[in-house]
Amino acid sequence: MDTWATLKASGYARVRIDGETVDLDEAKPLDSRRVQSVAVVVDRIKVSKDEASRISDSVEQALSLGVGVIEIAIADSEREEPDWETVRHSQHLVCGCCGRSFNQLTPHHFSFNSTVGWCPGCQGLGTQTGTNPAALMGTPQQTLADGGALLWPKNDQAVSQWMLRALSRSTGIPIDQPIELLTLSQKRMLFHGLGPRWVEVRRSDTTNSDDAAGGSASGHPSDILFRYQFKGFYPALEEASRLTPGLRAKLETFVAEIDCSVCNGSRLRDDAAAVKFRDHTIGDLVHMPLDRLAGEVDSWDLDKRERKIAGELVREIESRVSFLRDVGLDYLTLHRGASTLSGGEAQRIRLAAQLGSGLCGVLYVLDEPTIGLHPRDNLRLLSALHRLRDQGNTLLVVEHDHDVIAGSDYLCDFGPRAGRHGGNIVAEGTPRAIEAQPTSVTAPYLSGEKQIEMPTVRRPVYSDAGRPMVDFLTVRGARENNLNNVDIDIPLGVMTAVTGPSGSGKSSLINGIVYPVLARRLHRARVQAGRHDEIGGLRYINKIIRVDQSPLGNSPSSNPATYTGVFDLIRAEFAGLPAARERRFTPRTFSFNVSGGRCETCEGSGQRKIEMHFLPDVWIPCEECNARRYNDDVLEVKLHGRSIADVLEMPCGEAAELFAYQPRIHRVIQTLCDVGLEYVTLGQSAPTLSGGEAQRVKLAAELARPATGHTLYLLDEPTTGLHFGDIEKLLHVMQQLVEIGNTVIVIEHNLDVIKCADWVIDIGPGAGVHGGNVVFEGTPEALADTATSPPTDRPVSVTAPFIADAIRGTRIAKPLPPGTHPEPAPPPRNMESPTEEPSSSVSVNGDRPVASESVVKEPPAPDPLKSGPLKSAPLGSGPLASGPLATQTEPSTPLITQPWKALGRRWHTLAKGFPENGLPAWPIELVDTALDLLAKVAGEQSFDYPAPDRVGVKLESGDENESLPLWAELETKRTDGVHLKLNGPKNAIDLEQLLSIDWLETQNNSGTVNVNNAEHVTLTLRLTELEHVQSNKLKAFLQTHLDRTRLMS
């Protein structure tokens, strides 16, 4: 009653209690046991222009009394007063329906890094652990009407279609729009449902018409067929798993990081996430790919007031999005987490930030910005770098890419080799000036003098008649990420390159589907495979190995020696030494990971960590062991004068020479050298290795294991961080893997790798939503042909023009494909003729040259200029050449292709073709090892196969009229040994290096030097043991001989 008296004293006459107007004199006291609605009637008025002043005063008075809130009841004579329509207005940020009030929003409310703005459910992370939504939906390009919701009843049932149309009509979710275009709020309704709300299915929903789908008015009860509750995909799965225990175990395979159920992945609190600009929330905008976002921003047409408020902000958004697109990141979204970015993507994002800063006079240091970049985007990146330069900045770029090197203003070439053999600037100047400097190791590749040459014959996948010649790994219905339900056949037993722009779906196909399926089937790995229908051909594969660029380990104790397992063999070798046995040392004593022989001060790491408050930790060398890892007793045990610590500090190249007579150890270390890591020390800490180095260590570890064949190797951009010469080594290793019956699938942008592959699968044509399709399957030559003759039934490959240019300017490694023969070549200059009288000879016995009367006579052969066309001789009948380094002449009639011509190098590694069908007295793998040695010295592209019993090694002078076409010749079909003959000037022989080869002292007449004249010498070495060709001293001698021969020729 005191309330009524106070109101009456203030001049008010009426109140409205529970919707009914009562005079204050007649108002009854309020019942404290009931919830009642009470409003003061400030004025009753009929709206007209004459009453405008009165209305204004009454509204002002009501807002003052209601503390900013006013209710207007619209009188209706046909309805009872409690049923009158009531409109509430508020001066506060409050919802008119539920009454919830909101704070004034500031820019901090739109930041997920601030407690003011982040989602309380995920604290701004935007994710939680739950069922992967990608497993519940189809491809991003599918619509709900096409079956994009996998948990929805099949759309071939009429009732299912009625229910879907009713859901669309009642919620506004478009069922004919691709899933990727749905807003976050619409996706939230699909995954989390509508709560207790009922969806009415009407007769109009049984017809597929716009009026039926778009109508929202409530229907007549007779038009309603039935009602249902849409609980959402997640609640439905949870209830189903509770009722069906077997389903819960199946759902565990779909558990992953999913969008937060509170903010639906927007990372923001609900009021900030609900704010819309041009019908899009901030969550919608950050989930758009950059190319689509750029189009959305361009469509914003601001009026004069909006331009005054946000014109400068929109211009800044446009420029920053443009900078990101300029560096080839069209397919990324702003929502993408930094931890999911590759190193190249993160670096290009930082580059884009600098492009927009407008700074000048800044020194920018970039480390291989082209990592993961398709050749199409290289020019865009190079243009962005030039823009930074033109703004008055200096760019220092560490790069191996041909386009970036050629587009630089100044070039510093380091070398001549890696590791301890490098560290010098061997050439500097403009790219054009560098090409003329003979000391540069990069210039020959820029000028085209050196090339990574293509194989002459690719391994066939289909015959000319179109019949498959290999088995296939078939993938059907791949739709992970942006893959558009693609079907693909991957040939086995060949080298396949998977190409396409960055973000086109290559990794989703290979790393997201193929690897997980095979790893689960073959190795019982607990990895989740991406969405697909089925994979066939698994019976043809025994093992799958993925070699990626992830670190070997985060511990400093991990290194190439421990990762490859060779350190266990080295420790066992040291434990077997007499000095170790006297001290009762075991292999465990030589481990730096356990107590016993290690330095306990640093626990075998060789360095100590100093914790710095508020600063990164600092590592310093251990004072106790001087960074040697071991105690003094262990370091006293030495192998050939080297302690276990010395071995760990050795580059792989030196270690291979040290353990040349321990085959098991040498094989593993030599594999590290074969993949281009001869400069890396065995004990180099794993965290200090680059991604490319770590990947090659993993590859070497797999190569060192016993070969089983039928293994599938997956490599993701293995050329990252590799020089042209290192790429050539890597290609040789990959081809070796295929030669022994394995399959190699490589995801790559490097054109040198693509052109050397047997089969190419190009995915695209663009990135992100513009990719996900198989654009091309076939050989590199066929892909190059589509650049000039594009197909009409599928998109055009963006890789085709680049691979066409690469193939057009590339030499073929072996210019003798089966069925063809070389042009006649002039006989080598100053060569000894088999019919000439013996000349003076010098025998090499390991001590010094001694005059001798004996001469090695070469078997006679017909003069190529007199005896007419050569005839094919029976296999095993002896040498067919006219001298140690002679070549065949062009036959006048076509010859039948012989096995040694068709097989090439492989023929010479077989136990066939020996005289009288005999067997060699030396290990048959000696030939392959010797060819590997010559390939490292002169390059495998220099090999020639002129006869079934010998392999020629070209001088690689590049001059067609050169009179010394061959530098060396390897006779492979002699039973007494493999004879290596070297031809060149006498000054090419380094006697000091030659006499340092230890195994020459153990053989009688192990080599001869034939002197035909005073200028040129033919040196013959007989190889009978694997240790002969595994000696680094022999390799150094051959390298010196070849370099001097090239220089003097």
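**View 1. A nonpolar surface patch of about 310 Å² formed by Leu363, Val365 and Leu396.** A patch here joins residues with over 30% relative accessible area and no salt bridge, like charges within 9 Å and nonpolar side chains (Val, Leu, Ile, Met, Phe, Trp, Tyr) within 5 Å, a salt bridge being a side-chain nitrogen of Lys or Arg within 4 Å of a carboxyl oxygen of Asp or Glu. Areas come from the Shrake-Rupley method with a 1.4 Å probe, and for residues only the protein chains shown count as cover. Leu363 lies in strand E12 (residues 363-367), where strands (E, at least two residues) and helices (H or I, at least four) are DSSP runs numbered from the N terminus. Leu363 is exposed, with a relative accessible area of 55%, exposed meaning over 50%, buried under 20% and partly exposed in between (1.4 Å probe, protein chains only). This is a predicted model, in which local features need pLDDT of at least 70 and side-chain atom pairs count only at pLDDT 80 or more, while totals for chains, interfaces and linings use all residues. Residues are numbered from 1 along each chain as its sequence is written, and side-chain values use heavy atoms, with hydrogens and water left out.

**View 2. Cysteines in a structure that holds zero disulfides.** Cys599 is in no disulfide (a pair of cysteine sulfur atoms within 2.5 Å), and its nearest cysteine sulfur, that of Cys602, is 3.8 Å away. For Cys602, the closest cysteine sulfur is in Cys625, at 3.7 Å, which is too far for a bond. Cys599 is buried, with a relative accessible area of 4%, and Cys602 is buried as well, with a value of 6%.

**View 3. Helix H3 (residues 158-171) and the glycine that follows.** The 14 residues of H3 should span 20 Å at 1.5 Å a residue, and the end C-alpha atoms are 20 Å apart, which agrees; the expected span is 1.5 Å times one less than the number of residues. Buried residues of H3 include Ser160, Met163, Leu164, Arg165 and Thr171. After H3 comes Gly172, whose phi is positive, near 80°.

View 4. Asn378 is buried, with a relative accessible area of 5%. Leaving aside residues up to four places away in sequence, Asn378 touches Thr370, Leu373, Asp401 and Asp403, a contact being heavy atoms within 4.5 Å.
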